[in-house]
Amino acid sequence: MRDMTDDIAISLKAISKSYGGGVDAVSNLDLDIREGEFFSLLGPSGCGKTTTLRMIAGFEEPTAGRIGLGGRDVTWAPPHKRDMGLVFQNDALFPHRTVHQNVAFGLRMRRLPAAEIAARVAAALAQVQLTGFEARHPGQLSGGQQQRVALARAIVIRPRVLLCDEPLGALDRKLRASMQFELKELQRELGVTLIYVTHDQEEALTMSDRIAVMNGGRIEQVAAPDTIYNRPATRFVADFIGEATLLSGAVVRGAEGVHLALSGGLRLPLPGSMAPMAGAERTVAIRPERITFSGDGAGLPGHIVDANFLGTATLYKTRLDNGALALVRLPAASGEARPGPGDRVALSIPPDAIVPVASGPAA
Ligand code: ATP
């Protein structure tokens with residue numbers, strides 16, 4: 001595979017994996033991951049994230065397709081010839097060995113001189129902020145510290161690529177947030193290409209340079225977090241990442257611009273960029289913080305079904321007069337009278353908040 005450009009660390013070309021019995025875990029995946037990138041595979045349980053990661057690591061052979069590593073075809077190379085470090089959820093450390101021995105293990109296998117092993121283990125432990133913990137056993141560490149030892153064990157061999165499968169999944173919320181920050185910092189510091197598997201959209205949005213959103217063994221969208229959030233390409237991405245209101249209808253071009261003709265005679269003014277879609281049936285997505293209740297009654301009519309106080313905001317579930325559901329998020333403001341369940345409202349949706357979404361990934 002000589003056609004790959006220099007800054008591509010890993011390249012998947014038309015990768016598929018079937019387990020037999022009709023299970024297509026991954027279907028025809030194309031993906032280029034850049035050198036030094038923090039890249040996440042994000043999607044619901046069973047969408048094929050782990051299978052994809054295991055094929056990149058070499059633990060699983062693809063049924064079809066090629067895998068390139070820095071321009072070298074590694075489709076059939078065994079894991080130890082791929083120069084990758086691995087960190088998994090509940091990564092098993094050797095319980096009867098010390099932190100130092102656990103981290104040194106990979107270097108011993110590579111038969112490095114003792115002095116170099118000592119220096120590299122010390123550096124790796126410093127990088128995960130565990131200097132001073134060398135003599136402890138895993139049972140004497142917290143869950144977060146154990147995960148950091150697993151991370152040190154992976155980075156100490158200075159891999160080209162670090163593969164992480166839900167490495168923070170077992171940690172409580174607070175610890176997870178601080179480890180996310182630390183892992184991101186460490187990745188930047190090391191300049192290593194990192195592929196991160198998670199089903200947690202918030203985690204993927206905060207940490208990644210780019211995200212591939214997967215669904216049913218296919219990629220729905222690959223983009224930077226802000227694009228994934230603000231310009232979701234498909235219905236699935238809009239719905240899986242954060243919250244979205246999805247409305248469908250015919251795109252109609254009239255004297256006063258272009259609008260979406262919703263059922264029940266409701267009209268949603270669309271951005272001018274959607275004019276070329278006139279005549280087609282389309283679904284659009286709108287993020288809840290982009291919708292407000294209009295003061296003058298202009299907008300889509302409906303009523304409030306439910307109001308959820310979230311601390312910094314309130315999320316309103318509303319039902320439009322045609323029966324469609326719409327979500328509205330208003331920032332918290334004290335002393336203001338807020339509508340409640342049952343109240344009539346009109347939803348004001350600026351055209352630039354409206355994103356057309358495809359029904360599924362492009363074939
Ligand atoms: P999770 O977040 O739950 O780990 P995932 O996105 O990582 O899910 P995979 O583990 O890649 O998903 O699984 C993808 C599909 O392949 C699932 O339908 C799963 O049941 C199936 N699968 C995975 N491993 C095997 C196997 N060894 N034999 C048969 N089917 C498998």
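**Strands, sheet and a crossing helix**

Hi everyone, let me start with strand β11, residues 245-254, which pairs with strand β14, residues 281-286, in the antiparallel sense over six bridges. By pairing I mean that DSSP finds at least two bridges between two strands. The elements are DSSP runs numbered from the N terminus: helices are H or I with at least four residues, strands are E with at least two.

This is a predicted model, where local features need pLDDT of at least 70, side-chain atom pairs count only at pLDDT 80 or more, and totals for chains, interfaces and linings use all residues. Residues are numbered from 1 along each chain as its sequence is written.

Now, please look at the open sheet. Its six strands run in the order β6-β7-β8-β3-β9-β10, with mixed pairing. At the edges sit β6 (84-88) and β10 (218-223), each pairing on one side only. From one strand to the next, the twist averages 15 degrees; axes here are lines fitted to C-alpha atoms, for helices over the stretch in contact, and angles run from 0 to 180 degrees between N-to-C directions.

What is the bridge partner of A212 in β10? That is V222. Strand β9 (residues 210-215) and β10 pair in the antiparallel sense over five bridges.

Finally, helix α4, residues 143-155, lies across β6 and β7 (161-165), running at about 170 degrees to β6. Contact means C-beta atoms, placed from the backbone, within 7 Å.

Conventions. Two residues are in contact if their C-beta atoms, placed from the backbone, lie within 7 Å.
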